[in-house]
Amino acid sequence: MAATALYVFQKGFNYSQDGAGNRLVYHLRGCNLRCPWCSNPEGMDFARPGDAAVTTEDLVARALRSKPMFFDGGGVTFTGGEATCQFEGLKEALTALKEAGLNTCLETNGTSPRLPELFPLVDELIMDFKHYDSEKHRAVIGTGNEVIAANLKEAFARHPDLLVRTPLIGGFNAAEEDNARFIRFYRTQPTQHARFELLLYHEFGRDKWAQCGKVYTVRNAFVQEDVRKRYEAAMRDAGLTVVRT
Ligand code: SF4
């Protein structure tokens, strides 16, 4: 087995929010997007020489030791930052975990053109889909959504266990018309293996931005719970499977 190191800024157990059951979750360092509401700004920047790294061997050994903790269908999850920014190491780790018979989950922003290569190695795929309109996506996050939308279509068509997550951000993607447009797009896709989750904007990461020397610019982006309920109902009416994790 080769020994590509993965740069990690946080790891620990989490129940159900990062894939099924109780999971060992690795937050990989570095993200290629710059969402102004990001709740992990300390993980946005890429690794520098001397940063802590874990080899695939150590990661698999730790996961095997943790097996008794993987109850309710748990396993290992990679998230970030954006895990696919360390693509080779991620692929190697996922391959080794599957060979060891462990359940794997990947949480991704969907921007890697190579994402479909990982589909066979990932039992559960969690993909963000933040905006259906590429120009609005670019204006706020810095890149268009073309690759993300293409990967999402591939995942709808080919991945057997897909969770699509959309953070509802007031002033960005949370108007009634936005929900209708998301639904209109989803209805053109084969969504029978997909679940959908709407997340409410929160500011849990706000203080961390200052601690990282970054400026938090989001204002007035809260969305009310009754709005989320209404959007979820519209999605269910359109035949989509809506969940809360
Ligand atoms: S894609 Fe995720 S990790 Fe990257 S900036 Fe956006 S919210 Fe943060």
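Visitor: In what order do the strands form the open sheet?
Guide: This is a predicted model, in which local features need pLDDT of at least 70, side-chain atom pairs count only at pLDDT 80 or more, and totals for chains, interfaces and linings use all residues. Residues are numbered from 1 along each chain as its sequence is written. Strands (E, at least two residues) and helices (H or I, at least four) are DSSP runs numbered from the N terminus, and two strands pair if DSSP finds at least two bridges between them. The pairing is mixed, and the order of the 8 strands is S3-S1-S2-S4-S5-S6-S7-S8.

Visitor: Why is one side of S3 and of S8 (194–200) left without a neighbour in the sheet?
Guide: Both stand at the edges of the sheet.

Visitor: Which residue in S2 is the bridge partner of Phe13?
Guide: S1 (residues 5–15) runs antiparallel to S2 (residues 22–28), joined by 7 bridges. The two form a hairpin with 6 residues between them, and Ser16 in the turn has a positive phi of about 75 degrees. The partner of Phe13 in S2 is Leu24.

Visitor: Which residue in S3 stands opposite Leu6?
Guide: S1 also pairs with S3 (residues 53–55), antiparallel over 3 bridges. Opposite Leu6 stands Val54.

Visitor: What angle does helix H8 make with S8?
Guide: Helix H8 (residues 225–237) lies across S7 (162–168) and S8. Axes are lines fitted to C-alpha atoms, for helices over the stretch in contact (C-beta atoms, placed from the backbone, within 7 Å). Angles run from 0 to 180 degrees between N-to-C directions, and for H8 against S8 the value is about 165 degrees.

Definitions and conventions:
Two residues are in contact if their C-beta atoms, placed from the backbone, lie within 7 Å.
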